[in-house]
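Subject: Structure handover and notes

Hello,

Please find the structure below, with the sequence. My notes come after it.

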Amino acid sequence: MFRRCLLPRHALRLGYRRTLATVAQGEYAKRRLTYPISVAPMVDISTPYFLELLHIISGGQRYAYYTEMHFAQAILTHQSHLHAYLGPPRPNVVVQLGGSDPNVMARAATCLEERGYHEININVGCPSKAVQHGQFGAVLMKSPELVRDILRAMQSSVSIPVTVKCRLGVDHLDSYDFLHSFVDTLGAFPHLIVHARKCLLKGLSPKQNRMIPPLNYERVYALAEALPDLPITLNGGIAEPEQVTDALHKVDGCMIGRRVMDSPLFLQILDQEIYNTPEDAVKSPIAIIREFLDYAQILPEEPDYNTGRWNLPPLTVLSKPLVKLFSGKPGRDFRRELQIQLQKTKNYDLESPVTQALLAANLITDASQLQHPNPHLHSHPCRATAA
């Protein structure tokens, strides 16, 4: 079976690009996941505006993008304006839910399906204190029967896929046998994502729980060997194309988090080195910003906003995804100047402060560089995906 085929270490250096291109062109077609590579749900990062930026950078054909975790009850509270609250439904966007009440989780799942969302993921891995207080996230790994009940309630309520994201273990429950038993208790479901670290519910912050517990990819690979009928995605510490390729020769999927958060243009590296995208098809940061400004300009026209069902995001929140497009001194200058310009802005206009920040950072020499070369050929991504 393909998913058990290991990539030789020397292939990652000699003929590296050829090896990756072969994987992209032929072997991915045999996979069970539509999107073998995904971007992880990240709190306060995976907002609708960050996901919009990712779609502008690399489209919606190659990667699955996960929303940040949303409480199930919040979905019910905001059901009249979910397209603004979560972002528009797209085939490659997965909504992650948190909760411990099977009935509420099932109702939230029904609400999401009715409003056009394509897939839901249950969070069984977040270690934050707020989540623990609600008795969901990683603490649920201590109650596998409850997770099973949640999963069954959701599956019986919707026809879209309901998946699970968990850790290797929690606190002292940290063994291969525990992980295998946990997954086995859940019964049948279409996809498991495993963050290849345990977490400690006391003594470590969520940030420390992403760094201090050691990674153990081999335990995930062993689980995949033992459960060949369950598609499994590896998450945790993935930061280079070689790691992505290595994981995809052992499991069905690879999920990337902080690397994309720190540098959204990492998707372009994957586009070129894994999917063999030609260099002339890769957008420049300025072209990406140009499209994002178009998106920001029409955002107030979207129904959830122009009817007053939901408030427009502050410009500081809307512009946050842009600040990681540049690195080094130009990036620092851009971030600093953007903050200054946003404080001066009185109207809901993102284009002016972004343009001034780009000029101050010497990233453009003239404001006309943000104009479209051929406006008659331009199609805004938000309009296209809404069709």
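The notes below go through helices, helix packing, aromatic pairs and a few backbone angles.

Please keep in mind that this is a predicted model.

Helix α7 covers residues 144-157. Its 14 residues should span 20 Å at 1.5 Å a residue, and the end C-alpha atoms are 20 Å apart, so the length agrees with expectation. The buried residues of α7 are Pro 144, Val 147, Ile 150, Leu 151, Ala 153 and Met 154. Their cover includes the strands β4 (93-98), β5 (120-124) and β6 (162-167), together with the helices α5 (102-114) and α8 (176-186).

In α8, the buried set is Phe 178, Leu 179, Phe 182, Val 183 and Leu 186. These residues take up an arc of only 125° around the axis, so they sit on the same side of α8. Asp 177 and Asp 184 are on the other side of α8 and are exposed. As background, an α-helix has 3.6 residues a turn, so residues three or four places apart point the same way. Among the elements that cover the buried residues of α8 are β5, β6, β7 (192-195), α7 and α10. Gly 187 follows α8, and its phi is positive, near 80°.

Helix α14

For α14, the distance from first C-alpha to last is 20 Å over 14 residues, close to the 20 Å expected at 1.5 Å a residue. This helix is mostly covered, with twelve of its 14 residues buried.

Two packed helices are described by the angle between their axes and the distance between the axes.

- α5 and α7: the angle is about 35° and the axes are 8 Å apart. The crossing is right-handed. On the α5 side the contacts come from Pro 102, Met 105, Ala 106, Ala 109, Thr 110 and Glu 113, and they meet Leu 146, Asp 149, Ile 150, Ala 153, Met 154 and Ser 157 of α7. Of these α7 residues, Ile 150, Ala 153 and Met 154 are among those listed as buried.
- α2 (residues 48-58) and α13: the axes cross at roughly 30° and come within 9 Å. α2 passes α13 in a right-handed crossing. Leu 54, Ile 57 and Ser 58 of α2 meet Leu 267, Gln 268 and Asp 271 of α13.
- α17 (residues 328-344) and α18 (residues 351-360): the packing angle is about 145°, with 8 Å between the axes. This crossing is right-handed. The contact involves Phe 334, Glu 337, Leu 338, Gln 341 and Leu 342 from α17, and Pro 353, Val 354, Gln 356, Ala 357, Leu 358 and Ala 360 from α18.

Aromatic pairs

How many aromatic pairs are there? The count comes to six, taking ring centres within 6.5 Å as the cut-off. One of them joins Tyr 63 and Tyr 275, edge-to-face, at 5.9 Å centre to centre and 80° between the planes. Tyr 63 belongs to strand β2 (residues 63-66), while Tyr 275 is in the loop between α13 (266-273) and α14 (285-298), so the pair ties together parts 212 residues apart in sequence. Tyr 63 has a relative accessible area of 0% and is buried.

Another pair is Tyr 217 with Tyr 221: the ring centres are 6.5 Å apart and the planes are at 50°, so this pair is tilted. Both residues lie in helix α10 (residues 217-226), four residues apart, which is about one turn of the helix. Tyr 221 counts as buried, at 8% relative accessibility.

Asn 276 has a positive phi, near 60°, in a residue other than glycine. Asn 276 is in the loop between α13 and α14, and at 42% relative accessibility this residue counts as partly exposed. Asn 362 also has a positive phi near 60°. Asn 362 is placed in the loop between α18 and α19 (381-386), and is exposed, with a relative accessible area of 67%.

Regards

Note on methods: Residues numbered from 1 in each chain as written. Predicted model: local features only at pLDDT ≥ 70, side-chain atom pairs only at ≥ 80, totals over all residues. Heavy atoms only, no water. Helix = DSSP H or I, 4+ residues; strand = E, 2+ residues; numbered from the N terminus. Expected span 1.5 Å × (residues − 1). Buried < 20%, exposed > 50% of the residue type's maximum accessible area, 1.4 Å probe, protein only. Contact = heavy atoms within 4.5 Å. Phe/Tyr/Trp six-rings, centres within 6.5 Å; stacked < 30°, edge-to-face > 60°. Arc of directions from axis to C-beta. Axes fitted to C-alpha atoms, helices over the stretch in contact; angles between N-to-C directions. Left-handed = near helix turned anticlockwise from the far one by under 90°.
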